[in-house]
Amino acid sequence: MSRLTLDRLSKHYGNTVAVDEVSLDIAQGEMVVLLGPSGCGKTTTLRMIAGFIQASGGDVRVDGQSILALEPHEREMGIVFQSYALFPHMTVARNVAFGLEMRGVPAVERRERVSQMLRLARLEAMAERLPRQLSGGQQQRVALARALAIQPRVLLLDEPLSNLDAALRGDVGRDIRLLQRESNLTTIMVTHDQDEAMAMADRLVVMKDGKVQQVGTQEDLYERPATPFVAGFIGRSNMLDGVLSPDGAVVEVDGTPVRLAAPHRGNGPCVLALRPERVSIEESGLSAPGDGLLTGIVELANYLGPVREHLIRLGQNTRLVVRNPTSQPGHLHAVGERVTLRWDAAAERLFTAQGTPIPSRIPENQGTDRRWNANA
Ligand code: ATP
């Protein structure tokens, strides 16, 4: 039952900076997911917390006390690896009891704790089986029950779903999340899978090149990405390179004017991020004042079941994807047709060429309020 703090935690390997001053506060019972592409430093961060790798700088604190000087087994962390790491010759029940035996927990209490864990992980019927007699998902639930049995102060999950079939991942992910909630455990999970991260986290930490790009809830990261990298990594975004006009109202992209839904502060080279699902093809030929607008040529049109997807070309070399639910009015447009796209202020995000957000001239919480346009 603990709060975990990372304070400018770093790891250097020679000239390689694997983890670069990562700071983070994780509340009691919170599930935080470290997310990022291969090599971004998430595993190294987790291993420094566990004590398997020595930090080069910074601190890790549990309830305000540094744990860096402690051996891994003294840190009271429950750890689940992607490889399950179960003892193959021990039954499920003995695997779950292992950490308790190591800690000298008396037999009666041990038996009670093991049966409680097996019940919680829905493994009671399998207590006497060996790991090889279980499916991957069941084995991962044993690993989780074993990690929870010792009543750790913090739970560390290292890609716990990555060895499972795609079909099983959702189920096991939900099991882990429910168990984590029920036991109210402060938890850090590492994954490179965005969907997994979104489904399981209270808050996410997006990392790149050893650095934290952004920390926030799913909604924070999706609606208000702090960098173009986050905009492209959380959900998808069309990234259009362009030049913002001096009045901040129009971005010229590949020779084509793109009218922004909201004027922005600044001018010059910029990147416009537009979510494919937040842009629609204008069916009526009319658009409301305050909509973002551009026209382009349909290059591909596909009916994908839940969504219609169009690839639209803008200028000579710029393309963007537009994805709209088939449950909403609309139809597939013909290849070669010139269409008008529109979106509202909440759908657009502008960055400088260096990746710093360019603020809109209207406050964030009025992003979808169109009255600004009447007063502009
Ligand atoms: P993956 O998802 O592939 O495991 P990751 O985000 O977990 O990636 P890390 O394994 O933490 O990334 O590695 C971060 C960086 O540190 C990488 O550039 C990696 O090459 C480097 N690195 C990791 N371990 C060592 C080591 N023992 N010696 C030198 N460099 C290392």
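The model is predicted. It contains three cavities of 30 Å³ or more, a helix, α4, that is largely enclosed by the rest of the structure because 13 of its 14 residues are buried, and an open sheet formed by six strands.

**Cavities**
- The volume of the largest cavity is about 80 Å³.
- The lining of the largest cavity consists of Y222, E223, P225, A231, S237, A273, R275, R278, A346, A347, E348 and R349.
- Six of these lining residues are nonpolar, one is polar and five are charged.
- At least two residues of this lining come from each of α7 (218–223) and β20 (348–352).

**Helix α4**
- Helix α4 covers residues 136–149 and is 14 residues in length.
- From its first C-alpha to its last, α4 reaches 20 Å, which is close to the 20 Å expected at 1.5 Å a residue.
- Q151 follows α4 and has a positive phi, near 50°.

**The six-strand sheet**
- The strands of this open sheet are arranged in the order β6-β7-β8-β3-β9-β10, with mixed pairing.
- From one strand to the next, the twist averages 20°.
- Strands β7 (residues 154–158) and β8 (residues 186–191) run parallel and are joined by five bridges.
- Opposite L155 stands T187, a residue of β8.

Terms used
Residues numbered from 1 in each chain as written. Predicted model: local features only at pLDDT ≥ 70, side-chain atom pairs only at ≥ 80, totals over all residues. Heavy atoms only, no water. 1 Å grid on protein atoms, 1.4 Å probe; cavity = no way out; pocket = protein on both sides within 12 Å on 5 of 7 lines; lining within 4 Å. Points joined across faces, edges and corners; volume = space filled by probe spheres on them. Helix = DSSP H or I, 4+ residues; strand = E, 2+ residues; numbered from the N terminus. Nonpolar A, V, L, I, M, F, W, Y, C, P; charged D, E, K, R; others polar. Expected span 1.5 Å × (residues − 1). Buried < 20%, exposed > 50% of the residue type's maximum accessible area, 1.4 Å probe, protein only. Pairing = 2+ DSSP bridges. Axes fitted to C-alpha atoms, helices over the stretch in contact; angles between N-to-C directions.
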